[in-house]
Amino acid sequence: MSSRIRKFFIAALLMLPLPLSAAQVNDIRVWRSPDKTRLVFDVSSEVAHSQFFLDNPRRLVLDIRGTQKTKNVASPRLGTTPINKIRYGVRNKKDLRIVLDLKNKVTSKSFLLKPNATYGYRLVVDLFDDSTKTAGPVKEPTKTPSARDIVVAIDAGHGGEDPGALAYGGGHEKVVTLNISKDLAALLKKEPGFEPVLVRTGDYYIPLRERAVIARKAGADLFISIHADAFTDPRANGASVYALSRGGATSETARWLAHRANSSDLIGGEGGISLGDKDDILAGVLLDLSMTSTLSSSLEVGDRVLKHIGTINRLHKEQVEQAAFVVLKSPDIPSILVETGFISNPKEGRKLKTRNHQRAMARQIYKGVKGYFVNKPPPGTLVARLKAEGKIDTRPDQYVIQAGDTLSEIASRFDISLSSLKTANNISRSDTIRTGQMLVIPN
C-alpha cells in the first residue's frame, strides 16, 4: 500500500464519529413527605428515560437510555416509603433498568432537572400515595365557632432536594429553618387561642405556590416563611422581614382574575366570597380590596416581628422590606418572610446553627406574632374573647440594654413614646442607663 493511500485511510478513520461514552448514575437520594416519596438519581449528563408499571407483584420500571450505574451508588433507607426494594439491571446491553418493588399502590411522575449551584443533572421520580384510601373518622372541633383558635401557618424554607443556602463552615439553610419553625410552633401551641400549622414537617420539598395553598386549606390567619439569607460577600449580615411588594400584589391580582373561572377558591376562606360568578370589574375590585387589606396587615405584623428580632440580632434594614416573593402572594392571608440572618456570614452563620440561637429567634418571632394578635384579635376567636374578659396575658416585654443603646433609640425600636418607656422603668431625667440593665417595654 502506497504512503498516499495509507494517509487517505488514516484521515478517513479520524473523521469517523467516536463512540459516545455512557452516562452514569452516580448516586440516589430518597425523600419522604406526607403524601409522596421523591427519588433523585444523580446522573452525569442529560439522559432520556421512560417508565411503566407492572402488576403481580406491583413494580415500577424505569429505563434510562445509554446509562450505567457506578459501583458507589448508595442503598437508601426505604422504611417509611412505599418501596420495598430497588433493583438494577441492563437492558439492550446499553440501557440501565431500575425496578422499584412496591408495597403499596402509587402513581408516578418523572422529569429531568438541569444542574444548579449544588447538584448536576438529576432524574427525579415522584411516587404519589394512593388518594383513594378510606379516610379516617372526622375529628370533631374542640372549640365552638364563636371561640376558634388563631391559625398560624409556619413555612420552613427549602427542604429535601433544595438545601437552600450553604452555611459558613458547613451545613444548610433547610436545617436551620426547620428547627426554628418547629420551635416557633411549640411556643404557639402552648399559648391559649393559637393553633400552629407546620407547612413542612420534615426534610422534603414543597413547591412554592403549594405552600400558600396548604396555609389556605388550614384556614390560616397568618403565614410566616422562615429563611436564612446568603450573599457572595461574607461580610453581609443582619436579619430582615419582608412583605409582598405593591408590584407583586398587582401581578397576583391579574393571575387570580385570569384563573378564577377554573378555581373554587374563596377570598376569605370558608364562607368567603367566590370570584367565579363575578364580572371582571367587580372581581378586580374585590381582589384589590383584599390585597390592600392583607398587605397592610402583613406590614403591621412584620414590623412587630422585626422589632423583636432586633433585640437579639443586628437588623439588615430597620423597616419591613417588600419584594414579590411567590410564597407571600395569598390575597387573603397576611404573609411575611423572615430572613433570620446571613448564614453565609462567619459570625451569624455560627450562631444560626446553634440550638440556643434558633430557640431565641423563634421566641422573638413568637412575641411579635402574639403581640400583633393580642392587639388586633380576629373577631370570633378565643383570643378576642379572653381579651374582652381581661384574661389574656398582656404582660410587658423586657429588653436588655446593649452597648451603644440610647433610650430614644429603644423607644423608637418598640414603637412607643420615650416618656412611657421612662415611666414604666421609673427613670428620671438625671438617671443614666448601663449596658446589661433590664428595661420593661410597656404594651
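Reply: The count comes to 22 salt bridges, where a salt bridge is a side-chain nitrogen of Lys or Arg within 4 Å of a carboxyl oxygen of Asp or Glu. Side chains of opposite charge can pair when their charged atoms come close. The model is predicted, so local features need pLDDT of at least 70 and side-chain atom pairs count only at pLDDT 80 or more, while totals for chains, interfaces and linings use all residues. Residues are numbered from 1 along each chain as its sequence is written, and side-chain values use heavy atoms, with hydrogens and water left out.

One of these pairs joins Asp126 to Lys36, whose closest N and O atoms are 3.7 Å apart. Strands (E, at least two residues) and helices (H or I, at least four) are DSSP runs, numbered from the N terminus. Asp126 is buried, its relative accessible area being 1%, and Lys36 also counts as buried, at 12%. Here buried means under 20% relative accessible area, exposed means over 50%, and partly exposed lies in between, with a 1.4 Å probe and protein chains only.

A second pair is formed by Asp221 and Arg148, with the closest N and O atoms 2.8 Å apart. Asp221 is found in the loop between helix 3 (208–217) and strand 12 (222–229), and Arg148 in the loop between strand 9 and strand 10 (150–156), so the pair connects parts that are 73 residues apart in sequence. With 14% relative accessibility, Asp221 counts as buried, whereas Arg148, at 30%, counts as partly exposed.

Lys94 and Asp95 form a further salt bridge, in which the closest N and O atoms are 3.7 Å apart. Lys94 counts as exposed, with a relative accessibility of 51%, while Asp95 is buried, at 5%. Both residues also take part in a network of salt bridges that links Asp63, Arg91, Lys94, Asp95 and Arg97.
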